[in-house]
Amino acid sequence: MRCRSCGAKYDGGICPKCGTYNDPKKAEPEPSKPMLAAAIALCIIAALLLAWLILQGVSGGSEQSVPDTSITTSSGVVDPEQDRSNEDAPSTPSASKEDALEKIDEIYSAIIDVDTMYEVLPQRLFDLTSSNMSETYSQLEVDENILNNATIAIYDIDDSGAESVSGAALNYIIDVDVYRAALMRYIENDGDSRILGDIQAAATEMEAGRDHFIEEEINYLVSAGYTQEEAKSCIYLGDYE
């Protein structure tokens, strides 16, 4: 056993070194050397782990990872700056000049009656009188069928490569129909002047829709190799500026 006062090791109740009485039942057992060594090793490991965690926290807060923006290809890694230069390269025409012009003609043929209606509808409003309201209203009903047929004709066209043109054509049809419907409401309400504002707004949208359709036609022809002037000479512009 070990003395509680001086720590001397001995057998018995009284310490031969300092004379202190130690009750053998209450004496603390001496820790074994293996247990002591294990405890010291654990303390060292815990200290090293704590130091590593602190270092990781400091380095992680001061350094930010930089995302890899390079582009991997079959031949290796391409520098993003070098790859960006390809954006300035001229795009390959979506169609030959002949095919593009044929597609434009096909789309315009589908809406040629709509384009005529664009020019006629404002004149119908201008010529409207109490005596011809019924006749004009009947014609506006017929116009609805023309617009529906034009819409179906556009959907039936294989517009591969010319989706922007056909989409603009469909929007143009809708704009014309909005004007037609506003004019019908005006007649239904016996020329209520409050509806004239709706008609004027619809006229503005109808004109903008037609201009957008023409712009898409020109852009499509230019993408096929035409110049701006050549493209404009290939299509019907009407009052387009």
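**Exposed and buried charges**

Biologist: Glutamate 98: buried or exposed?

Modeller: Glutamate 98 is exposed, at 58% relative accessible area. Exposed means over 50%, buried under 20%, partly exposed in between (1.4 Å probe, protein chains only).

Biologist: What kind of model is this?

Modeller: It is predicted; local features need pLDDT of at least 70, side-chain atom pairs 80 or more, and totals for chains, interfaces and linings use all residues. Numbering starts at 1 along each chain as its sequence is written, and side-chain values use heavy atoms, without hydrogens or water.

Biologist: Where does glutamate 98 lie?

Modeller: In helix α3, residues 97-127. Helices (H or I, at least four residues) and strands (E, at least two) are DSSP runs, numbered from the N terminus.

Biologist: How many helices and strands are there?

Modeller: Seven helices and two strands. The order is α-β-β-α-α-α-α-α-α.

Biologist: New topic. How many salt bridges?

Modeller: Six in the whole structure. Each needs a Lys or Arg side-chain nitrogen within 4 Å of an Asp or Glu carboxyl oxygen.

Biologist: What does arginine 124 pair with?

Modeller: Aspartate 143, with the closest N and O atoms 2.3 Å apart. The pair links helix α3 to helix α4, 19 residues apart.

Biologist: Is aspartate 143 buried or exposed?

Modeller: Aspartate 143 is buried, at 2%. Arginine 124 is buried too, at 18%.

Biologist: And which residue does aspartate 177 meet?

Modeller: Arginine 180, at 2.8 Å, N to O. Both sit in helix α5, three residues apart, about one turn. Aspartate 177 is partly exposed at 28%, whereas arginine 180 is buried at 4%.
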